[in-house]
Amino acid sequence: MIKTISDITDRVIIQERLEQLATTDELSQLYNRRYFMELAEKEFDRARRYGESFCVFMMDIDRFKRINDLWGHAAGDAVIRTVGSLIRQRFRSTDVVGRLGGEEFVVLLPRCTLSDAREVAESFRRLVAETETLYGDEPITVTISIGISCFDREADSIDSILRHADQAPVPV
């Protein structure tokens with residue numbers, strides 16, 4: 001009888017790292033576009049099946065190109081890291097948060113009404129405006145624009161809800 005014992009710790013660590021790289025945006029530490037869309041599709045199907053609600057925020061950092069032009073891309077990266085950190089801290093663990101690319105972020109809030117979404121969006125907008133990103137010894141403040149769209153039984157896809165939030169922002 002031969003008995004083999006092997007330590008798979010390294011393999012488990014590598015597997016976890018690969019999973020993180022496949023699902024997470026490295027800069028913001030939020031879900032990447034592909035994984036966000038996968039989770040959002042599931043939430044869309046669930047809401048349609050059970051008649052539940054959800055709202056989506058499309059958020060853009062205002063005048064982001066100006067930050068890159070004035071301070072360089074490393075400063076822009078620092079701002080994206082700051083906004084990503086604020087999103088991770090502020091939103092619920094049940095919310096689906098992601099970076100779609102560039103300076104565009106998205107949050108899906110399950111079981112949320114438009115009224116609640118407006119309150120949350122305004123609170124988050126103020127938080128971002130009050131937060132400084134230190135780049136070297138230079139404080140950088142930014143503002144964000146937030147478009148809101150809520151699940152509607154007439155919506156044919158999560159893409160249409162995202163498009164609506166991006167094209168027709170609801171004032172907060």
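Helices (H or I, at least four residues) and strands (E, at least two) are taken as DSSP runs and numbered from the N terminus. The structure is a predicted model, in which local features need pLDDT of at least 70 and side-chain atom pairs count only at pLDDT 80 or more, while totals for chains, interfaces and linings use all residues. Residues are numbered from 1 along each chain as its sequence is written, and side-chain values use heavy atoms, with hydrogens and water left out.

One cavity of 30 Å³ or more is present in the structure. A cavity is a set of points, on a 1 Å grid over the protein atoms alone, where a 1.4 Å probe fits but cannot get out; lining residues have an atom within 4 Å of a point. At least two of the lining residues come from each of α4 (73-90) and β5 (138-141), and α4 gives the most, with three residues. Five lining residues are nonpolar, four are polar and none is charged.

Helix α4 also packs against helix α3 (residues 64-71), at an angle of about 135° and with the axes 6 Å apart. Phe64, Ile67, Asn68 and Trp71 of α3 and His73, Ala75, Gly76, Val79 and Ile80 of α4 make the contact, defined by heavy atoms within 4.5 Å. The contact residues divide into six nonpolar, three polar and no charged.

Note on methods. On a 1 Å grid over the protein atoms alone, a cavity is a set of points where a 1.4 Å probe fits but cannot get out, and a pocket is an open set with protein on both sides within 12 Å along at least five of seven lines; lining residues have an atom within 4 Å of a point. Grid points are joined across faces, edges and corners, and a volume is the space filled by probe spheres set on the points. Ala, Val, Leu, Ile, Met, Phe, Trp, Tyr, Cys and Pro count as nonpolar, Asp, Glu, Lys and Arg as charged, and the others, Gly among them, as polar. Axes are lines fitted to C-alpha atoms, for helices over the stretch in contact, and angles run from 0 to 180 degrees between N-to-C directions.
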